[in-house]
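Here is a short briefing to read alongside the sequence and the model. Take a look at the fold, and then let's walk through it together.

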Amino acid sequence: MAIRQVVKIGDDVLRKTSRPVDVLNRRILTLLDDMAETMYAKDGVGLAAPQVGVLRRAICVDVGDENGLFQLVNPEIIKAEGEQEGMEGCLSIPNRHGIVKRPARVTVRATTRAGKPVEIEAEGLLAVAFCHEIDHLDGTMYIDKQEREVTDEELAEMQKENKE
Ligand code: NI
(Lines give C-alpha, C1' and ligand atoms only; values in the text may rest on other atoms or scores of the structure.)
Protein backbone atom coordinates (compact mmCIF):
# COMPACT_ATOMS: atom_id res chain seq x y z
CA MET A 1 0.00 0.00 0.00
CA ALA A 2 1.04 3.56 -0.49
CA ILE A 3 -0.05 7.03 0.45
CA ARG A 4 -1.11 8.89 -2.68
CA GLN A 5 -1.03 12.58 -3.38
CA VAL A 6 -4.39 14.28 -2.77
CA VAL A 7 -5.51 16.53 -5.62
CA LYS A 8 -6.43 20.05 -4.51
CA ILE A 9 -9.24 22.37 -5.59
CA GLY A 10 -8.51 24.04 -8.92
CA ASP A 11 -7.49 20.77 -10.56
CA ASP A 12 -9.94 19.84 -13.35
CA VAL A 13 -10.00 16.18 -12.32
CA LEU A 14 -12.18 17.10 -9.33
CA ARG A 15 -14.86 18.45 -11.68
CA LYS A 16 -15.15 15.43 -13.97
CA THR A 17 -17.54 12.48 -13.90
CA SER A 18 -15.96 9.19 -12.87
CA ARG A 19 -16.49 5.96 -14.81
CA PRO A 20 -18.02 2.87 -13.23
CA VAL A 21 -15.76 0.03 -12.12
CA ASP A 22 -16.62 -3.09 -14.12
CA VAL A 23 -13.92 -5.47 -12.86
CA LEU A 24 -12.35 -5.60 -9.40
CA ASN A 25 -8.87 -6.24 -10.74
CA ARG A 26 -5.59 -5.81 -8.88
CA ARG A 27 -5.33 -2.21 -10.00
CA ILE A 28 -8.69 -1.30 -8.46
CA LEU A 29 -7.98 -3.24 -5.25
CA THR A 30 -4.65 -1.45 -4.88
CA LEU A 31 -6.42 1.84 -5.54
CA LEU A 32 -8.97 1.10 -2.77
CA ASP A 33 -6.21 0.16 -0.32
CA ASP A 34 -4.08 3.18 -1.16
CA MET A 35 -7.14 5.40 -0.76
CA ALA A 36 -7.80 3.99 2.73
CA GLU A 37 -4.18 4.45 3.73
CA THR A 38 -4.18 8.00 2.36
CA MET A 39 -7.46 8.84 4.13
CA TYR A 40 -6.11 7.63 7.51
CA ALA A 41 -2.75 9.36 7.00
CA LYS A 42 -4.52 12.68 6.40
CA ASP A 43 -7.09 12.22 9.19
CA GLY A 44 -10.00 12.23 6.77
CA VAL A 45 -13.31 10.40 7.23
CA GLY A 46 -13.70 9.70 3.53
CA LEU A 47 -11.95 9.83 0.18
CA ALA A 48 -13.11 9.45 -3.40
CA ALA A 49 -10.94 8.18 -6.28
CA PRO A 50 -10.92 11.50 -8.21
CA GLN A 51 -9.18 13.01 -5.16
CA VAL A 52 -6.17 10.83 -5.94
CA GLY A 53 -6.50 11.64 -9.64
CA VAL A 54 -8.34 8.49 -10.72
CA LEU A 55 -11.71 8.94 -12.47
CA ARG A 56 -13.29 5.72 -11.25
CA ARG A 57 -16.40 5.27 -9.09
CA ALA A 58 -14.60 4.15 -5.91
CA ILE A 59 -14.82 5.56 -2.38
CA CYS A 60 -13.51 4.91 1.13
CA VAL A 61 -15.34 5.99 4.26
CA ASP A 62 -14.54 5.54 7.96
CA VAL A 63 -16.21 7.95 10.36
CA GLY A 64 -14.68 6.25 13.39
CA ASP A 65 -17.83 4.39 14.44
CA GLU A 66 -18.47 0.66 14.92
CA ASN A 67 -18.93 0.19 11.15
CA GLY A 68 -15.23 0.70 10.55
CA LEU A 69 -13.90 1.05 7.04
CA PHE A 70 -16.05 0.96 3.90
CA GLN A 71 -14.26 0.41 0.59
CA LEU A 72 -16.89 0.57 -2.13
CA VAL A 73 -17.16 0.70 -5.90
CA ASN A 74 -20.09 2.02 -7.93
CA PRO A 75 -21.87 3.44 -4.88
CA GLU A 76 -25.22 5.13 -5.42
CA ILE A 77 -27.77 6.64 -3.11
CA ILE A 78 -31.02 4.80 -3.74
CA LYS A 79 -33.00 6.35 -0.90
CA ALA A 80 -32.70 9.58 1.07
CA GLU A 81 -34.90 10.86 3.89
CA GLY A 82 -35.06 13.82 6.23
CA GLU A 83 -32.55 16.58 6.60
CA GLN A 84 -29.54 17.43 8.73
CA GLU A 85 -27.17 20.36 8.72
CA GLY A 86 -23.55 20.19 9.75
CA MET A 87 -20.00 21.28 9.15
CA GLU A 88 -17.98 19.67 6.37
CA GLY A 89 -14.44 19.86 5.18
CA CYS A 90 -12.61 18.12 2.36
CA LEU A 91 -9.04 16.92 1.96
CA SER A 92 -9.05 18.57 -1.48
CA ILE A 93 -10.03 21.94 0.03
CA PRO A 94 -7.50 22.50 2.83
CA ASN A 95 -8.21 24.85 5.73
CA ARG A 96 -11.81 25.57 4.79
CA HIS A 97 -15.11 24.38 6.21
CA GLY A 98 -18.74 24.96 5.35
CA ILE A 99 -22.21 24.33 6.71
CA VAL A 100 -24.03 21.91 4.40
CA LYS A 101 -27.56 20.49 4.39
CA ARG A 102 -27.74 16.74 3.74
CA PRO A 103 -30.33 13.99 4.08
CA ALA A 104 -30.63 12.64 7.63
CA ARG A 105 -30.69 9.04 6.41
CA VAL A 106 -29.59 7.38 3.19
CA THR A 107 -29.47 3.92 1.70
CA VAL A 108 -26.37 3.29 -0.40
CA ARG A 109 -26.20 0.50 -2.95
CA ALA A 110 -22.65 -0.54 -3.87
CA THR A 111 -20.20 -3.38 -4.37
CA THR A 112 -17.62 -4.09 -1.65
CA ARG A 113 -13.89 -4.62 -2.15
CA ALA A 114 -14.66 -8.35 -1.94
CA GLY A 115 -17.10 -8.07 -4.84
CA LYS A 116 -20.23 -8.44 -2.74
CA PRO A 117 -23.30 -6.35 -3.62
CA VAL A 118 -24.54 -4.48 -0.53
CA GLU A 119 -27.18 -2.02 0.60
CA ILE A 120 -26.02 0.11 3.53
CA GLU A 121 -28.36 2.16 5.68
CA ALA A 122 -26.64 5.16 7.16
CA GLU A 123 -27.59 8.12 9.32
CA GLY A 124 -25.83 11.04 10.98
CA LEU A 125 -22.18 11.57 10.10
CA LEU A 126 -21.99 8.32 8.12
CA ALA A 127 -24.84 9.50 5.85
CA VAL A 128 -23.05 12.82 5.35
CA ALA A 129 -19.79 11.07 4.49
CA PHE A 130 -21.46 8.85 1.87
CA CYS A 131 -23.24 11.83 0.29
CA HIS A 132 -20.03 13.88 0.26
CA GLU A 133 -17.89 11.12 -1.30
CA ILE A 134 -20.49 10.01 -3.86
CA ASP A 135 -20.85 13.67 -4.94
CA HIS A 136 -17.11 13.68 -5.77
CA LEU A 137 -17.76 10.93 -8.35
CA ASP A 138 -19.89 13.39 -10.32
CA GLY A 139 -17.51 16.31 -9.92
CA THR A 140 -19.52 17.94 -7.14
CA MET A 141 -17.90 19.34 -4.00
CA TYR A 142 -19.45 20.44 -0.72
CA ILE A 143 -18.71 24.10 -1.49
CA ASP A 144 -21.26 23.85 -4.34
CA LYS A 145 -23.96 23.00 -1.81
CA GLN A 146 -22.89 24.82 1.33
CA GLU A 147 -25.21 27.24 3.08
CA ARG A 148 -22.23 29.29 4.14
CA GLU A 149 -18.53 29.17 4.91
CA VAL A 150 -17.45 28.56 8.52
CA THR A 151 -15.09 31.27 9.76
CA ASP A 152 -11.78 30.50 11.48
CA GLU A 153 -13.17 32.00 14.70
CA GLU A 154 -16.22 29.72 14.64
CA LEU A 155 -14.03 26.73 13.93
CA ALA A 156 -11.71 27.54 16.85
CA GLU A 157 -14.77 27.90 19.09
CA MET A 158 -16.19 24.52 17.98
CA GLN A 159 -12.85 22.79 18.50
CA LYS A 160 -12.61 24.34 21.97
CA GLU A 161 -16.11 23.04 22.80
CA ASN A 162 -15.21 19.56 21.60
CA LYS A 163 -12.20 19.45 23.88
CA GLU A 164 -14.16 20.59 26.95
NI1 NI B 1 -14.21 15.76 -0.16
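Which residues does H136 touch, not counting residues up to four places away in sequence? They are K16, A48, P50, Q51, C90 and M141, where contact means heavy atoms within 4.5 Å. This is a predicted model, in which local features need pLDDT of at least 70 and side-chain atom pairs count only at pLDDT 80 or more, while totals for chains, interfaces and linings use all residues. Residues are numbered from 1 along each chain as its sequence is written, and side-chain values use heavy atoms, with hydrogens and water left out.

**H136 in its helix**
- H136 sits in helix α2; helices (H or I, at least four residues) and strands (E, at least two) are DSSP runs, numbered from the N terminus.
- Because its relative accessibility is 1%, H136 counts as buried (buried is under 20% relative accessible area, exposed over 50%, partly exposed in between, with a 1.4 Å probe and protein chains only).

**The sheet**
- Five strands form an open sheet in the order β1-β2-β3-β6-β7, with antiparallel pairing (two strands pair if DSSP finds at least two bridges between them).
- β1 (46-48) and β7 (117-123) are the edge strands, each with a single partner, so one side of each has no neighbour in the sheet.
- From one strand to the next, the twist averages 35 degrees (axes are lines fitted to C-alpha atoms, for helices over the stretch in contact, and angles run from 0 to 180 degrees between N-to-C directions).
- Strands β3 (residues 70-81) and β6 (residues 105-112) run antiparallel and are joined by 7 bridges; E81 stands opposite R105 in β6.
- Helix α1 (residues 26-41) lies across β1, β2 (58-61) and β3, at about 35 degrees to β2.

**Nonpolar cores**
- The largest nonpolar core has 19 residues, of which I59, V61, F70, L72, L126 and F130 touch the most other members (a core is a set of buried Ala, Val, Leu, Ile, Met, Phe, Trp, Tyr and Cys residues joined through side-chain atoms within 4.5 Å).
- β2, β3, β6, β7 and α2 (124-136) each give two or more residues to this core, and the largest share, 6 residues, comes from α2.
- Another core of 13 residues lies apart from it, with V21, A36, L47 and A49 among them.

**The largest pocket**
- The largest pocket is lined by 21 residues, and G44, V45, E88, G89 and C90 lie nearest its centre (on a 1 Å grid over the protein atoms alone, a pocket is an open set of points where a 1.4 Å probe fits, with protein on both sides within 12 Å along at least five of seven lines; lining residues have an atom within 4 Å of a point).
- α2 supplies the largest share of this lining, 6 residues.
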